[in-house]
Amino acid sequence: MNCFNHHNQVATSICKICGKALCSDCAIESETCIVCSKECEARAIDIDQLVNRNIKSVKNSKQAFLKNPDFLEHQIKTTKSNGGFWVMTIICTTYIWTTQAQSIEAHISFASVLGILLFMLINNALKFKRLKIMKNNRYRSAPVN
């Protein structure tokens, strides 16, 4: 293949942006690649900055944290211990309610509190289940060496 500008010289590289074949005289060495002109060099720098921003964004995303085994294990342990907290809170609330005076206001208050606590317990159980599924899927999709 010959140079785009010098048809009698052999091309030694290709512009990263426009794909032109370049001889050693025409090739401009940019920060990260070979280009043919200042315009292509500016575009290459812009593209590299965009790619680096995207890489940084992905590394800081929720999905990246969830793929981190330490983070996922911590979430599973925390969620599991929270489940015990909600169960104990429901037991204590029920005990306190049964030992207090039984007015209609007490029944309404207890039903409201118990409903909220049960909602939190169910929500916690569903979160635990989702985390376990994510952990299993991550290990299942991991390549085997």
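Predicted model: local features only at pLDDT ≥ 70, side-chain atom pairs only at ≥ 80, totals over all residues.
A search of the whole structure finds 2 salt bridges, and the count of aromatic pairs comes to 1.

- The bridge links distant parts of the chain, since Lys16 lies in the loop between β1 (13-14) and β2 (21-22), whereas Asp48 belongs to helix α1 (residues 38-59), the two being 32 residues apart.
- Lys16 has a relative accessible area of 46% and is classed as partly exposed, because that value falls between the 20% limit for buried residues and the 50% limit for exposed ones.
- Side chains of opposite charge can pair when their charged atoms come close.

**Salt bridge between Lys38 and Glu41**

- Glu41 forms a salt bridge with Lys38, and the closest N and O atoms of this pair are 3.6 Å apart.
- Both residues lie in helix α1, where Glu41 and Lys38 are separated by 3 residues, or about one turn of the helix.
- Glu41 is buried, with a relative accessible area of 16%, whereas Lys38, at 59% relative accessibility, counts as exposed.

**Aromatic pair**

- Phe85 and Trp86 form an aromatic pair whose ring centres are 5.0 Å apart and whose planes stand at 70° to each other.
- This arrangement is described as edge-to-face, because the angle between the planes is over the 60 degrees required for that class.
- Phe85 is partly exposed at 49% relative accessibility, while Trp86, at 17%, counts as buried.

**Surroundings of Ser13**

- Ser13 is placed in strand β1 and is buried, having a relative accessible area of 17%.
- When residues up to four places away in sequence are not counted, Ser13 touches Lys20, Ala21, Leu22, Ala27 and Ile34.
- Among these contacts of Ser13 are Ala21 and Leu22, and strand β2 spans residues 21-22.

Note on methods
Residues numbered from 1 in each chain as written. Heavy atoms only, no water. Phe/Tyr/Trp six-rings, centres within 6.5 Å; stacked < 30°, edge-to-face > 60°. Buried < 20%, exposed > 50% of the residue type's maximum accessible area, 1.4 Å probe, protein only. Salt bridge = Lys/Arg side-chain N within 4 Å of Asp/Glu carboxyl O. Helix = DSSP H or I, 4+ residues; strand = E, 2+ residues; numbered from the N terminus. Contact = heavy atoms within 4.5 Å.
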